[in-house]
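Biologist: Before we discuss the ligand site and the domains, please put the model up.

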Amino acid sequence: MTDCQGDGEGTMSPMELFEKLNAQGEKVRSLKSAKAEKAEIDAAVQLLLKLKVDYKQMTGQDYKAGCPPSENLIVSNNGPAADDCDGEDLVDPWNVSASSTKGVDYDKLIVRFGSSKIDKELLERIEKVSGQRAHHFLRRGIFFSHRDMHQILDAYEKHKSFYLYTGRGPSSEAMHVGHLIPFIFTKWLQDVFDIPLVVQMTDDEKYLWKDLTLEECHRFTVENAKDIIACGFDVNKTFIFSDLDYMGASPQFYRNVVKVQKHVTFNQVKGIFGFTDSDCIGKISFPAIQAAPSFSSSFPQIFGGKKDVPCLIPCAIDQDPYFRMTRDVAPRIGLLKPALLHSTFFPALQGAQTKMSASDPNSSIFLTDTPKQIKNKINKHAFSGGKDTVEEHRKYGGNTEVDVSFLYLTFFLEDDEKLEKIKEDYTSGALLTGELKKILIETLQPMIAQHQERRKQVTDEMVQQFMTPRPLNYKF
Ligand code: TRP
């Protein structure tokens, strides 16, 4: 890819170069959101990578958004960044793009973000403490990284409970299968640990970032809440809230938002999120709103005003910047740092290089798709790791590492033995791409149909119930 010998930035100071990097990151983002030509985006990404190399040469440090050369408060809990410059992946709350067809290099991301790998020891502890076999998302490395999960388990072992916090940005009515991953997993956590859950619907965020009206965003909140409820959450243990509603209804929530706002500077969020001087001030202060549910005092109706109930956040790794910021401010405002469990991305049908997009109907399987649409999309669009001809495939076998149908099965086919057999047969060439696709189609069709059936059962009253601030049932 890039050659690592950047030609230096002449007389620029480290801070100027840092700002130039931030601006270039912003440029890449805006080109992407404007759906610019691929060549133009690639060129901008290349320049970004080159600037990173220059920055490293100049400062001896890796460029990290959020870690300006003179002020490295925010990401002080970050580990050293990966130091090779070829094939950097771009991962932040708005962009995910990998430089390899195998997708994002998650081991590198752990190093870059300074989180910890979910290793065998942690898996065994989760099984021991919960008394349950680990969920297949954990066993298969779909949830692959964490922060402070051992502390959550330590406390739980001493009969100190914790709560779960996750969320969704309701940007459209249509949710796809990838959106379900954190919720399926969160439901499992709620069941095995028997603990309360809060779900933040960031309709305010989507209003600020997208060309949508407030009414549309709020309506998407309610529609998406139905899909979330259809995952099977227990109404007695779950509070789903719209930011647009709850911010005004909860004085304690707003107090926590303001505390966070006071302790993070513009410079810091610029670094972490790549905001620029021309971003609206709503965006600039939004991260405080995503931070606030990490603190139990934001929900007095649930925790009776307790400030010290630990929080565990299951989320996709692209949300980590919000929580790096949250964990940095927490001790400075006298509150607990949330713990995190991070998932990989759900790949687009076209390949693991990017995540699915709700705006491209052919990039994903939607929760509203008919059996026929599911079949056609997979047959037409699912990127194959198979060989071009049957003869070659039989001879050399397929590649499960890049095959999207196989990757999807790792998410949705629970039977380990069956999955292993499929892997063997595909790799040896005994199983053809068409046959593999058929297995995926037959796995997804009933799964989606059942989801649609459960969603139909979700009434407006049920949504209302889930979204009413109230005490929840749990034993402490
Ligand atoms: N910003 C997230 C999104 O756009 C929504 C969100 C809010 C979230 N709070 C969260 C996601 C906590 C995971 C965990 O989807």
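**Ligand site and domain contact**

Modeller: This is a predicted model. In it, a nitrogen atom of the ligand is 3.0 Å from an N or O atom in the side chain of Gln319.

Biologist: How much of the ligand does the protein cover?

Modeller: On its own the ligand has 370 Å² of accessible area, and the protein covers 89% of that.

Biologist: Which elements give two or more residues to the shell around the ligand?

Modeller: They are β5 (163-168), α8 (203-209) and β8 (311-316). β5 gives the most, with four residues. The ligand is surrounded by 14 residues, and Tyr165 and Gln200 are among the closest.

Biologist: How do the residues of that shell divide by type?

Modeller: Seven are polar, four nonpolar and three charged.

Biologist: Where are the domains, and how many residues of each are in the contact?

Modeller: Domain 1 spans 93-350 and domain 2 spans 371-457. Each gives 23 residues to the contact. Their C-alpha centres are 30 Å apart.

Biologist: What area is buried between domain 1 and domain 2?

Modeller: About 2,100 Å², with 61% of it from carbon and sulfur atoms. On the domain 1 side, Arg140, Ala230 and Leu349 lose the most area to domain 2, together 32% of what that side buries.

Technical notes. Residues numbered from 1 in each chain as written. Predicted model: local features only at pLDDT ≥ 70, side-chain atom pairs only at ≥ 80, totals over all residues. Heavy atoms only, no water. Near = heavy atom within 4 Å. Polar contact = N/O pair within 3.5 Å; in protein donor to acceptor, adjacent residues only side chain to side chain. Areas by Shrake-Rupley, 256 points an atom, 1.4 Å probe, with all protein chains shown as cover. Nonpolar A, V, L, I, M, F, W, Y, C, P; charged D, E, K, R; others polar. Domains from an automatic or database assignment. Contact = heavy atoms within 4.5 Å. Buried area = accessible area lost by both parts, 1.4 Å probe.
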